[in-house]
Amino acid sequence: MFKFRSFTTSDLTFLGLIIALMYIVQTVTILGISALTPVDALKSIVSAFFVCIVISIGLAGVGKVGTFTIIGLVNGIICGFIMPAFLPLLPATFLGGLAGDFAAGVFYGVYSSRNSLLLGCGAAKFTETIVILTVPFLFGFADFMLAPILIIASALLVAVLGVLGALVGYGIVTELRRAGAMKQ
C-alpha cells in the first residue's frame, strides 16, 4: 500500500514553479495549435505531450506520492477562476492527479524511476480525459455526449502522448541530475 508523505516548504515552492511553467507551456501550445487548426479537441490533445514534460520534471523533483494530486487540484482551481465555463476541469484534474498518484504509489511508492513517472502521467491523463469528456454531459454543460468508443480512444491517445511527454521529461531530469541541478 502507499501513503501520502508530508511536503516541505521547498517541495511546495518547487511545485508552484512547476505549475506556473505548466501554464506557460500550456498557453503557448494551445495558442500555437489554435493558429494551425480550428479543431478544438486537437488543442487539448497536443498540449498533453508538452504539459507532461513539465509535470514529470515536477514529479521527479519532489518525488513524493501526492504530488500529482496537488498539481491537479491547483490546476483545476486556477482553471475554474480563469475560465468559469470550464468548471468540470476541477474534478477532472483532481481525479486525474489522484489516479496518477494511486497508480505510481501502488506499484512504485515514490516518483523516482522512469517507469513511475510514465505510469503516473499515463494514468492521470487517461482519467482526466475520461472525466472531462463525460462530466459536462452528465451535469448538463453539454447538449450531446460523445460515443463511448470515441471517449476511450481519445483517452488512450492523450495517455500515450502523456507517457511520451513524461519520457522526454525523464530525459531532462536525468540530465539535470547529472549536472547536479536536481537531487537524486
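1. A word on conventions. Residues are numbered from 1 along each chain as its sequence is written. Since the model is predicted, local features need pLDDT of at least 70 and side-chain atom pairs count only at pLDDT 80 or more, while totals for chains, interfaces and linings use all residues; side-chain values use heavy atoms, without hydrogens and water.

2. A search of the whole structure gives three salt bridges (a side-chain nitrogen of Lys or Arg within 4 Å of a carboxyl oxygen of Asp or Glu). Aspartate 11 pairs with lysine 64, with the closest N and O atoms 2.6 Å apart. Aspartate 11 sits in helix 1 (residues 9-36) and lysine 64 in the loop between helix 2 (40-62) and helix 3, so this pair ties together parts 53 residues apart in sequence. Both aspartate 11 and lysine 64 are buried (buried is under 20% relative accessible area, exposed over 50%, partly exposed in between, with a 1.4 Å probe and protein chains only).

3. Glutamate 128 bridges to lysine 125, the closest N and O atoms lying 3.2 Å apart. Both glutamate 128 and lysine 125 are buried.

4. Glutamate 175 and arginine 178 form a salt bridge at 2.9 Å between the closest N and O atoms. Glutamate 175 is partly exposed, at 47% relative accessible area, and arginine 178 is exposed, at 64%.

5. Helix 3 has buried residues including Phe68, Ile71 and Cys79 (helices are DSSP runs of H or I, at least four residues, numbered from the N terminus).

Notes: Helices (H or I, at least four residues) and strands (E, at least two) are DSSP runs, numbered from the N terminus.
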